[in-house]
Amino acid sequence: MMIQSRIESIFCEWDDIPEQFRMTTSVEQREYLINGELRSLEGATQEVFSPVCIKSADGLKRHRLGSFPLMTEAESLAVHDAAVAAYDNGRGAWPTMAVSERIRCVQAFASQMKACREEVVCLLMWEIGKTLKDAQKEFDRTTAYIEDTVDALKDLDRISSRFTIVEGIIGQIRRAPLGVTLCMGPYNYPLNECLTTLIPALITGNTTVLKPPRHGVLLFSPLLEAFRDAFPPGVVNTLFGMGHTVVPPLMRSGKIDALAFIGSSKAANSLQKEHPKPHRLRLVLGLEAKNPAIVLPDADLDLAVAECVVGSLSFNGQRCTALKILFVHECIAEEFVALFSTALATLGAGLPWEPGVMITPLPDQEKPNYLTELVENAKKFGAKVMNDEGGRVNNSFFYPALLYPVNDKMRVYQEEQFGPVIPIVPFNEIETPIRYIEESAYGQQVSIFGRDPQDIAKLIDHLVNQVSRINLNSQCQRGPDVFPFTGRKDSAVGTLSVSDALRAFSIRAIVAAKEFDLNKQIISDITREHRSNFLSTDFIL
Ligand code: G3H
């Protein structure tokens with residue numbers, strides 16, 4: 001089918017959607033989790049519409065998926081109070097519980113969560129337009145992350161189960177929780193990036209408040225019961241509503257001890273500023289990025305194009321790790337552009353459940369207009385759309401636009417497009433992409449495509465001091481999840497990985513005692529009689 005007619009016929013009638021993927025009942029969510037109870041709210045609600053439009057006699061309409069409560073400031077503060085009370089200044093049952101018990105709760109949650117796979121995957125497709133394959137991957141990657149977190153905590157705990165004696169002082173060093181943690185994830189990985197901060201925060205003994213992102217809210221509704229059943233009251237609490245209403249009051253109270261936020265640096269800055277005691281607030285932030293690819297003259301072009309296509313267009317480019325600007329040496333730029341454009345023509349575009357699709361409708365209603373503005377602005381400064389139908393819009397669907405040649409006058413040179421626009425900058429001197437990286441506000445990752453070990457080594461030695469991951473002949477990405485995921489400058493605060501996240505949400509605490517008989521007797525008695533969950537030689541198997 002011609003690309004134009006494919007774009008025009010991307011949306012179908014309700015009856016043309018395969019039965020197993022139809023959302024026949026809407027999710028009218030009213031419940032939220034507070035102090036171990038699912039309570040209902042009767043106030044204002046927010047309707048949720050899918051990026052997937054349905055064809056009807058009145059034209060195309062975004063399909064209505066349901067609604068969720070818009071909490072008031074007072075309601076959100078009550079949710080927060082439940083987490084504060086459960087922590088109880090570190091005296092609560094959860095922060096003082098044995099690690100092995102907390103592990104059991106997390107495992108109970110994981111097994112209940114697994115039973116919700118089909119429902120959550122379906123909601124991921126409908127709410128944010130993620131393809132079936134990627135939605136399944138997000139779910140499975142998250143449950144694997146939880147299992148790996150349990151293993152990593154067991155390892156950490158085993159190392160801490162011993163005493164150290166130095167200079168006549170006996171010490172036991174373990175990790176202790178920080179307090180009340182607020183977890184906020186982004187709409188591109190609503191499940192994964194909420195739970196990969198929430199679970200490490202929980203398992204290390206913090207009590208939590210979870211605020212789902214602006215798109216990808218309803219998919220949490222099947223999980224609320226699992227949270228309620230698996231954890232003691234007040235340990236997991238949920239906020240629903242507009243971020244600007246429900247979150248600042250919590251920060252202003254000064255009773256948030258750790259903020260895990262994946263989103264924009266602007267929002268993170270303003271939340272941080274609301275906290276009256278900023279030094280008491282541990283920040284774990286994943287922020288913007290504008291990861292470049294540098295394609296050197298000797299690069300394997302087929303490989304570079306294949307990696308840059310997935311790097312820039314997986315989930316329509318809506319990944320913080322996406323390749324968002326491609327610097328291609330001018331001696332190969334035209335060939336690269338031609339190959340890229342051919343590759344684009346073969347990409348599946350369609351609805352999330354259609355086999356083989358990669359390009360799907362966008363959840364952010366403003367995004368097609370914004371991307372069109374970027375394309376128009378680039379055209380004004382001399383770029384052309386190099387692929388057939390690039391930038392064509394059909395309601396919430398935006399067909400990828402390959403822009404070439406891009407220069408520093410264009411908005412897309414600096415702005416994080418977070419969508420399917422691929423800017424290609426031809427360069428002659430390697431200093432051009434290097435200076436771009438040095439002057440960038442961001443410092444997450446880079447991809448280098450080339451063959452010469454000498455040239456690549458030189459770039460590595462410089463760029464490791466500018467970004468946090470250098471990908472050789474490979475797209476940028478977060479995984480595998482045991483690798484550290486972080487960034488410099490405005491791209492991140494703190495490091496996440498299965499094991500780093502455990503550290504991010506905890507602090508080391510020591511019980512130390514001068515080595516004389518009274519202390520030895522006390523320590524022996526406490527450990528022998530299992531009187532303490534902290535001062536303990538118990539070894540988790
Ligand atoms: O949006 C940012 C995600 O953490 C990226 O993860 O590279 O696995 O897609 P990914």
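# Reading domains, cores and contacts in a predicted model

Tutor: The domain assignment of the protein chain gives domain 1 (30–45 + 70–286) and domain 2 (291–487), and such bounds come from an automatic or database domain assignment. This is a predicted model, in which local features need pLDDT of at least 70 and side-chain atom pairs count only at pLDDT 80 or more, while totals for chains, interfaces and linings use all residues. Residues are numbered from 1 along each chain as its sequence is written, and side-chain values use heavy atoms, with hydrogens and water left out.

Student: How many residues of domain 1 are in contact with domain 2?

Tutor: Contact means heavy atoms within 4.5 Å. Here 19 residues of domain 1 are in contact with 17 residues of domain 2, and the centres of the two domains, taken over C-alpha atoms, are separated by 32 Å.

Student: Which residues have the most contacts inside the largest nonpolar core?

Tutor: A nonpolar core is a set of buried Ala, Val, Leu, Ile, Met, Phe, Trp, Tyr and Cys residues joined through side-chain atoms within 4.5 Å; buried means under 20% relative accessible area, exposed over 50%, and partly exposed in between, with a 1.4 Å probe and protein chains only. The largest such core has 137 residues, and those with the most contacts inside it are F231 and F336. This core draws at least three residues from each of domain 1 and domain 2. Apart from it lies another core, of 29 residues, among them I294, L374, L403 and V412. Leaving aside residues up to four places away in sequence, F231 touches W94, C105, V106, F109, L202 and V236.

Student: Does the label for N387 read buried or exposed, and why?

Tutor: N387 counts as buried because its relative accessibility is 6%. N387 lies in the loop between β18 (384–385) and β19 (393–394), where helices (H or I, at least four residues) and strands (E, at least two) are DSSP runs, numbered from the N terminus. With residues up to four places away in sequence not counted, N387 touches S341, L344, Y399, P400, A401 and L402.

Student: Which backbone atoms lie 3.0 Å and 2.8 Å from a polar atom of the N387 side chain?

Tutor: A polar contact is a pair of N or O atoms within 3.5 Å; within protein, one must be able to donate a hydrogen and the other to accept it, and residues adjacent in sequence count only if both atoms are side-chain atoms. The backbone nitrogen of L402 lies 3.0 Å from a polar atom of the side chain of N387, and the backbone oxygen of P400 lies 2.8 Å from a polar atom of that side chain.

Student: Which residues surround the ligand?

Tutor: A residue is near a molecule if one of its heavy atoms lies within 4 Å of it. The ligand is surrounded by R141, N188, Y189, E193, R319, C320, T321, Q477, R478 and F485. The protein covers 95% of the 310 Å² of accessible area that the ligand has on its own, with areas from the Shrake-Rupley method and a 1.4 Å probe.

Student: Which residues does a cis peptide bond join at P480, and what is the phi of N89?

Tutor: A cis peptide bond joins G479 and P480, with omega about -5°, and P480 sits in the loop between β25 (469–472) and β26 (488–489). Phi of N89 is near 55°, a positive value in a residue other than glycine; N89 counts as exposed because its relative accessibility is 72%.
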